[in-house]
Amino acid sequence: MLTFMASDSEEEVCDERTSLMSAESPTSRSCQEGRPGPEDGENMAQWRSQDSEEDCEEDPDGYACSRGPGRPPGLEEELTLKYGAKHVIMLFVPVTLCMIVVVATIKSVRFYTEKNGQLIYTPFTEDTPSVGQRLLNSVLNTLIMISVIVVMTIFLVVLYKYRCYKFIHGWLILSSLMLLFLFTYIYLGEVLKTYNVAMDYPTLFLAVWNFGAVGMVCIHWKGPLVLQQAYLIMISALMALVFIKYLPEWSAWVILGAISVYDLVAVLCPKGPLRMLVETAQERNEPIFPALIYSSAMVWTVGMAKLDPSSQGALQLPYDPEMGGVKLGLGDFIFYSVLVGKAAAAGNGDWNTTLACFIAILIGLCLTLLLLAVFKKALPALPISITFGLIFYFSTDNLVRPFMDTLASHQLYI
Amino acid sequence: MTAAVFFGCAFIAFGPALALYVFTIATDPLRVTFLIAGAFFWLVSLLLSSVFWYLVRIITDNKDGPIQKYLLIFGVLLSVCIQELFRLAYYRLLKKASEGLKSINPEETTPSMRLLAYVSGLGFGIMSGVFSFVNTLSDSLGPGTVGIHGDSPQFFLNSAFMTLVIILLHVFWGIVFFDGCEKKKWYILLIVLLTHLLVSTQTFLSPYYELNLVSAYIIMVFMGIWAFFVAGGSCRSLKLCLLCQDKDFLLYNQRSR
């Protein structure tokens with residue numbers, strides 16, 4: 001889910017959510033606990049947007065609503081599409097980095113392309129003799145997976161509605177613990193195996209402990225923005241790699257399609273769980289607990305420190321166009337990377353398909369950001385990108401690849 | 001086939017494009033967006049031409065023999081035509097977008113059409129070069145002997161130089177093409193299409209690299225000179241630039257002329 005970022009009002013300066021961009025790890029509830037991140041990410045992003053919405057009423061042209069209440073409306077008109085392109089790039093860079101990490105891992109570490117069992121959420125096997133049976137199994141797998149996601153989202157909404165904040169905090173902390181420690185350990189082990197590097201256990205534990213501990217602090221508490229963004233990218237990549245490994249071929253594609261439809265429904269329909277979440281947050285007028293969101297914004301506290309405490313923020317707020325930012329849910333990162341990773345894993349060393357999917361996803365993101373500028377409310381980031389990605393994957397793999405291979409073997413250039 | 005071949009060919013083919021990207025495009029987010037959109041348009045044109053090629057291949061029932069060669073020639077020519085068509089379509093889109101941006105924001109400095117011509121040409125070029133060469137590059141990392149069956153041992157070098165010339169040609173074609181569209185001189189579009197067809201069909205002379213490469217580079221030099229003058233350069237400004245006496249350089253170094 002894609003939203004504007006709000007600068008919060010003065011009281012919230014020290015809140016984790018503002019500059020500390022906490023995004024709880026979306027995912028670690030992977031295999032054992034439950035369907036994690038994406039829906040949470042979407043939830044949180046949605047709340048964020050609702051907060052920003054209230055702050056941004058006077059700013060019809062602003063692409064990024066970045067100020068607190070009370071800023072003079074005239075200033076906002078300058079914050080226009082000029083910053084639109086900047087926000088596009090602020091999202092292109094992390095999405096590209098995540099995809100590069102995933103593709104590099106897929107192409108070099110063979111562990112993530114080996115079939116080694118399936119998740120319990122996709123119980124039906126795809127090793128069936130007939131095509132029809134395989135298709136049926138993948139559709140059933142998708143149904144199970146999506147229903148798990150829906151149930152988790154609704155559970156989260158219910159927890160939030162009944163103010164069980166501690167439970168949610170604990171859940172998210174447990175998830176990120178598992179992701180930052182266990183999955184990192186496995187990943188590091190496989191990378192070391194691939195490059196035949198011998199590392200002793202004490203060094204390994206020291207490295208993993210440092211990585212994980214700093215990650216927990218950065219994500220759930222305070223930390224430099226760049227470090228937090230880097231950790232969010234890394235955990236998204238790790239989760240995407242898990243999905244690429246454990247989701248069977250056809251199920252993965254059907255799940256990608258189904259989850260974009262779910263994203264569309266959950267964010268835009270009035271009775272969608274994510275939308276209900278947003279409305280609840282809006283009613284309570286409170287910042288939600290830290291989110292599973294990647295935020296591209298700058299630190300707000302820097303500006304706040306210079307503020308005269310006696311002013312109530314009317315005209316003294318330092319106008320800093322850098323404050324604004326766009327937020328993207330971590331679930332979106334994960335599924336973009338799953339698509340590109342699957343494209344990289346599939347085609348016997350073919351890079352054209354991977355590149356085509358990469359460009360398609362970036363263009364989808366661009367279009368979504370354009371729509372965000374037009375509609376100025378939280379939008380699902382998955383549908384357009386995943387649709388383009390799927391179209392380009394299947395068409396490049398089946399149509400463009402034979403053409404380009406034939407051309408390349410005869411050394412013809414078009 | 002070693003890492004040396006890989007890195008050497010990669011930098012021959014993509015070095016100038018990378019330099020152009022880093023020094024002129026990476027600094028401005030709007031240009032990056034237009035670059036990626038240009039790459040996307042090229043990709044869609046390739047997709048369309050592949051669809052047609054595939055359909056024709058299915059119609060002729062995939063028989064082997066000379067018909068495949070003719071089909072390939074047909075595919076190449078069709079692909080070139082569709083690429084130029086999509087360049088025109090991108091021009092139209094950029095024109096509309098520019099007008100839209102201007103109407104929303106009269107004071108804002110939107111990129112000029114010349115800049116967009118350059119960016120779109122580079123986008124087309126990078127995507128075209130990457131799609132042509134990246135699979136060959138990744139093969140060059142693996143084991144093997146080039147030309148073991150009697151083919152030319154210069155396969156990788158030739159591909160790298162050809163990719164480079166195609167990328168640069170796309171940049172120049174983009175500039176010249178957009179200028180022709182702006183001034184409504186339609187014969188310029190025809191010239192661009194014809195030179196593109198010429199360069200592509202020359203690659204059919206494939207094992208005889210000399211003629212192919214040399215003439216492609218000559219065409220590139222001519223297109224480059226044409227694009228330079230179209231973009232507003234002149235002999236005088238070139239001389240000032242080379243002698244480090246042009247305005248930007250002087251301002252930057254605070255030296256008097």
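Helix axes are lines fitted to C-alpha atoms over the stretch in contact, and the angle between two of them runs from 0 to 180 degrees between N-to-C directions. In the predicted model, helix 5 of chain B and helix 6 of chain B, the latter covering residues 186–202, pack at an angle of about 170° with their axes 8 Å apart. Because angles over 145 degrees count as roughly antiparallel, helix 5 of chain B is roughly antiparallel to helix 6 of chain B. The crossing of these two helices is left-handed.

On the side of helix 5 of chain B, the contact is formed by B:Met162, B:Ile166, B:Leu169, B:His170, B:Trp173, B:Val176, B:Phe177, B:Gly180 and B:Cys181. Their counterparts in helix 6 of chain B are B:Trp186, B:Ile188, B:Leu189, B:Val192, B:Thr195, B:His196 and B:Val199. By residue class, the contact of helix 5 with helix 6 of chain B comprises twelve nonpolar and four polar residues, and no charged ones.

Helix 5 of chain B spans residues 155–182 and also holds B:Leu157. The relative accessibility of B:Leu157 is 37%, so this residue counts as partly exposed, the class that lies between under 20% (buried) and over 50% (exposed). When neighbours within four places in sequence are set aside, B:Leu157 is in contact with B:Cys9 and B:Ile12. The C-alpha atoms of B:Leu157 and B:Ile12 lie 8.4 Å apart, although 145 residues separate the two in sequence.

Chain B as a whole contains nine helices and zero strands, and its elements read α-α-α-α-α-α-α-α-α from the N terminus. The C-alpha trace of chain B extends over about 65 × 40 × 30 Å along its principal axes. Chain B has 257 residues, of which 47% count as buried. Among contacts in chain B with a sequence separation of 6 or more, 75% are between residues 24 or more positions apart. The accessible surface of chain B amounts to about 13300 Å², and carbon and sulfur atoms account for 70% of that area.

Chain A contains 13 helices and three strands. This chain has 414 residues, and 58% of them count as buried. Of the contacts in chain A between residues at least 6 apart in sequence, 80% connect residues at least 24 apart. Chain A exposes about 15800 Å², with 68% supplied by carbon and sulfur atoms.

A helix pair was also examined in chain A. Helix 11 of chain A (residues 330–346) and helix 12 of chain A (residues 351–375) have axes that come within 8 Å and cross at roughly 160°. This angle makes helix 11 of chain A roughly antiparallel to helix 12 of chain A. Their crossing is right-handed. Helix 11 of chain A contributes A:Tyr336, A:Leu339, A:Val340, A:Ala343 and A:Ala344 to the contact, while helix 12 of chain A contributes A:Thr353, A:Thr354, A:Cys357, A:Phe358, A:Ile361 and A:Leu365. Nine of the residues in the contact between helix 11 and helix 12 of chain A are nonpolar, two are polar and none is charged.

Key:
Residues numbered from 1 in each chain as written. Chains lettered and ligands numbered in written order. Predicted model: local features only at pLDDT ≥ 70, side-chain atom pairs only at ≥ 80, totals over all residues. Heavy atoms only, no water. Helix = DSSP H or I, 4+ residues; strand = E, 2+ residues; numbered from the N terminus. Parallel < 35°, antiparallel > 145°, perpendicular 65-115°, else oblique. Left-handed = near helix turned anticlockwise from the far one by under 90°. Contact = heavy atoms within 4.5 Å. Nonpolar A, V, L, I, M, F, W, Y, C, P; charged D, E, K, R; others polar. Buried < 20%, exposed > 50% of the residue type's maximum accessible area, 1.4 Å probe, protein only. Areas by Shrake-Rupley, 256 points an atom, 1.4 Å probe, with all protein chains shown as cover.
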